[in-house]
Each structure stands twice: as structure tokens, then as C-alpha cells.
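Student: Can you walk me through this one? I'd like the strands, then the helix, then the surface.

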Amino acid sequence: LSVEEEVEPFIKFFQAMLTEMTSFGGHPLQDTNSLLSSLRHPIQEDIQSPDCLLLVAELNSPESQLIGILEANIAKLYPIFLPKSSLHIRAVYVAPKFRRRGIARSLFEEAFAWGRARGCTEVDLHVLQNSPAKAL
């Protein structure tokens, strides 16, 4: 992702995901108007971090259209444990009209490869009461 070109479309897509998640038990947003400004800085930091991954799926029609996202990071255990790195999938979302076409699976496969290349030996993802996401 380019910081300048991709942050705002990513956040707007992220907002759609968070809004949809409320129907599956996710936390409702207090103020959707401030979402863009409140997430801009943390996402810009993630883009620049070697331990974070932001993937996008785009439809290459006459102009590029964002249709899916995946956000992940490498989580390290506390120092009292033996060293182990885990890939933590923080968010995955595909626009409703593009679901069931293998887009999320492709995003996961790319994230898994990225994590393996960085020494991750496990992956974790928390799913709300969304049975299609659980099946994936």
C-alpha cells in the first residue's frame, strides 16, 4: 500500500466491515464520521511496520475498485515463554457482492505465505457469530 494513495479507501472499506460486524455481535461505532481521522495515523504506522501486513484485493475493471482487505501482524509471545511467532489476522473483509469467489481465501493464502517467510508457526483469527466466516 502507498501511504498517500491507499489509506483513505482502505479506511472507508474498513468502516463498511465494522458496520456489518455489528449485526454479528461486533461493537457499534460511536461516530462513523470520525473514523477516517482516528484510524489514519495507526494505519499509516502499520504500513511502515515490518511486522504488519495490509493486503487489498482489487477488481481491475476500467478503473481499480477495492473489493477485499486483510490486515495482520506478527504477534510475539511474552519473554517468559519460549520464542514463537504467530500470525494474527486482525481483519478480513470482502465486499458482499464479491463474496464466495475465492477472494478471502486468496488473501489468507498470501498472508500465510508472508507469515511463514517471517518465521510464524501458527495463525490465529477471532470470528464473531458469522457462520460463513467460520466456514472459511
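Tutor: Terms to begin with. Two strands pair if DSSP finds at least two bridges between them. Strands (E, at least two residues) and helices (H or I, at least four) are DSSP runs, numbered from the N terminus. This is a predicted model, where local features need pLDDT of at least 70, side-chain atom pairs count only at pLDDT 80 or more, and totals for chains, interfaces and linings use all residues. Residues are numbered from 1 along each chain as its sequence is written, and side-chain values use heavy atoms, with hydrogens and water left out.

Student: How many bridges join β2 to β3?

Tutor: Nine, and the two strands run antiparallel. β3 covers residues 85-94.

Student: And what about β1 and β2?

Tutor: β1 (residues 52-60) and β2 (residues 64-76) are antiparallel too, joined by nine bridges. Leu54 faces Glu71 of β2 there.

Student: Is the pairing of β3 with β4 parallel or antiparallel?

Tutor: Parallel, over five bridges, with β4 at residues 120-125. His88 sits opposite Asp124 of β4.

Student: How many β3 residues are buried?

Tutor: Seven of its ten, so β3 is mostly covered. Buried means under 20% relative accessible area, exposed over 50%, partly exposed in between (1.4 Å probe, protein chains only).

Student: Switching to α3. Which of its residues are buried?

Tutor: Ile103, Ala104, Leu107, Phe108, Ala111, Trp114 and Gly115. They lie on the same side of α3, because they cover an arc of only 135° around the axis. That arc is taken from the directions from the helix axis to the C-beta atoms.

Student: What's on the face turned away?

Tutor: Arg116 and Ala117, both exposed.

Student: Now the surface. Where is Tyr78 found?

Tutor: In the loop between β2 and β3. Tyr78 is exposed, as its relative accessible area is 64%.
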